[in-house]
There are 2 protein chains.
Amino acid sequence: MQPTSDLPSPRPENLAKYLPHLSIDCCVFGFHENQLKILLIQWQSITPWSLPGGFILPNESVDAAAKRILQERTSLKDIYLEQFKIFGEVNRTNSPENRKYILDSDLPASSKDWLLQRTISLGYYALIDFSKAMPTTAPLIQDCRWWDIQEVPLLIHDHPQILQQARRALQLHLLNKPLGYNLLPEKFTMTELRRLYEIILDKSIDRRNFEKKMLKLGILDRLEEVKTNVSYKAPLLYKFNQAKYQELLEADFGLGF
Amino acid sequence: MQPTSDLPSPRPENLAKYLPHLSIDCCVFGFHENQLKILLIQWQSITPWSLPGGFILPNESVDAAAKRILQERTSLKDIYLEQFKIFGEVNRTNSPENRKYILDSDLPASSKDWLLQRTISLGYYALIDFSKAMPTTAPLIQDCRWWDIQEVPLLIHDHPQILQQARRALQLHLLNKPLGYNLLPEKFTMTELRRLYEIILDKSIDRRNFEKKMLKLGILDRLEEVKTNVSYKAPLLYKFNQAKYQELLEADFGLGF
DNA sequence: TCAAAAGTGTTCATGGTACACCCATGA
DNA sequence: TCATGGGTGTACCATGAACACTTTTGA
């Protein structure tokens, strides 16, 4: 499940080709077995884990860079992305530990200098279908895998704060727009959707009231199918009604749980 | 009302001291005579108007840069600022008109080159007390003044889109957090507060229901005073209850009009 | 005295919340 | 047969929306 990427990926000697002082960090959320998951990478075995990220090419829009970076890590095209905050403190990557990691690395001196510059991070969150993503390493990336949101390891820099802000942004998203299309498989049960809401909001939601509310929103189509191979009454399957979902996504205002 | 600034301001020969490829653009909102106002500047008499903006120093956080830039334009410290979006299209400032403005300007060649680079803009909105702000020009800024939000002139680059997004962010702010402390004078009437909400949401709100709702939120203290010198029944004055206001601001969720 | 806006309460409709029983399935 | 979660409806409460008359003030 962690093949080395055969997509183009940053080459050590080449960091100076990117726009200086800027990076993109992505909080990639997935949903699996009733757990909210986050994709993390590890640059080297001795460094703490970090959010997947990368840099911006001179002739590439910021959104396109974020998309490219995530495509390299997941093999997915068409990722749902939202830019949620800038992390622009002067010394956010300037810890002694980080300097040491960089200086001790195999990178050429020019790339070391480049990485040691003050860096402003553009924070994105991404919502993706866990089952379709292929966590993918690269020459500079030793490991890339999903973590339970409750069990994230030590993270470098200010990545703990970035993740925290992303979770807050995700909550705000949920309260203002529909959510789920990007995180769930095409067909899902009402309970799976509810669990997703519960885990993002970190509170339990009444089963019947949730169903009433979601159905009233009109973004769900009930299928003629049920989920089988469960050791209890076969639950109905739903899918999202694209048109209505999109409409509410753009309206932006006034859901709320 | 438009004194030339005696604060430090960008000097033409010096643009290269800023971080390259990055700018900050601010949508500064004020409220006056029942109108939402926005502060705009004009670099030269022939250029379109633009949002006040500036650049980031190497040893300055992004938020601090935004604060400094706005302090230069308004003489205000302690401005309420929110970063709301990044504008990162490759050619967003690369129009023939803009190239011409830059090349025809009095700037030294090095600064012209610097300005012609591809620039990513970090979008902020600011909420300020109209009556306390002093729109302030500078050597490079020919004019700086308030405009009615309904009558903004032609704007350069993608500033129309930035403004539009800022207004949307402001609406979202209003629906999720208390708003008004930064835009209104210390003492204000319920109607002034309501007009502010109406103009931001672009819809009318029932006078009695609005009052009930605001009072129930608990963020207002009714004063023993009334507003005088009006040719109608003297309205009661209110001020914000700091503690409660701050609490709701941090809670972030669940107002809504 | 007139124009303009202030102050104030009730009714109605809607939406939210709380809650319990029987059913289907695989183990 | 049992454990597990699925499917469903109602009653109550809170909130939001609609709405009108009298009062005060300066012009």
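**A walk through a two-chain model**

Let's begin at one spot in chain B: Arg222(B) stands opposite Tyr238(B) in strand S10(B). Keep in mind as you look around that this is a predicted model.

That pair of residues belongs to a meeting of two strands. Strand S9 of chain B, residues 220-226, is joined to S10(B) by 4 bridges, and the two run antiparallel. Now look for another partner of S10(B). Strand S8 of chain B, residues 188-189, pairs with S10(B), residues 236-240, over 2 bridges, again in the antiparallel sense. Here Phe188(B) is the residue that stands opposite Tyr238(B).

Next, turn to chain A. There you will find an open sheet of 3 strands in the order S8-S10-S9, with antiparallel pairing. Strands S8 (188-189) and S9 (220-226) of chain A are at the edges with a single partner strand each, so one side of each has no neighbour in the sheet. Between S8(A) and S10(A), residues 236-240, there are 2 bridges, and Phe188(A) stands opposite Tyr238(A) in S10(A).

How are the two chains related?

Back in chain B, let's follow helix H5. This helix covers residues 190-201, and its 12 residues reach 17 Å from the first C-alpha to the last, close to the 16 Å expected at 1.5 Å a residue. Which residues of H5(B) are buried? They are Leu193(B), Leu196(B) and Ile200(B). Seen down the helix axis, the buried residues of H5(B) fall within an arc of 55°, so they line one face of the helix. Among the elements of chain B that cover them are strands S1 (22-32) and S2 (35-42), helices H4 (159-176) and H6 (207-217), and the strand S8. After H5(B) comes Asp202(B), with a positive phi near 60°.

Finally, how confident is the prediction? Chain A has an average pLDDT of 91, and 93% of its residues score at least 70. Residues 1-10 of chain A, however, stay under 50, and the model has 21 contacts beyond four places in sequence for them. Where pLDDT is low, the predicted coordinates should not be read in detail.

Technical notes:
Residues numbered from 1 in each chain as written. Chains lettered and ligands numbered in written order. Predicted model: local features only at pLDDT ≥ 70, side-chain atom pairs only at ≥ 80, totals over all residues. Pairing = 2+ DSSP bridges. pLDDT = per-residue confidence, 0-100. Contact = placed C-beta atoms within 7 Å. Expected span 1.5 Å × (residues − 1). Buried ≥ 20, exposed ≤ 12 C-beta atoms within 10 Å, placed from the backbone. Arc of directions from axis to C-beta.
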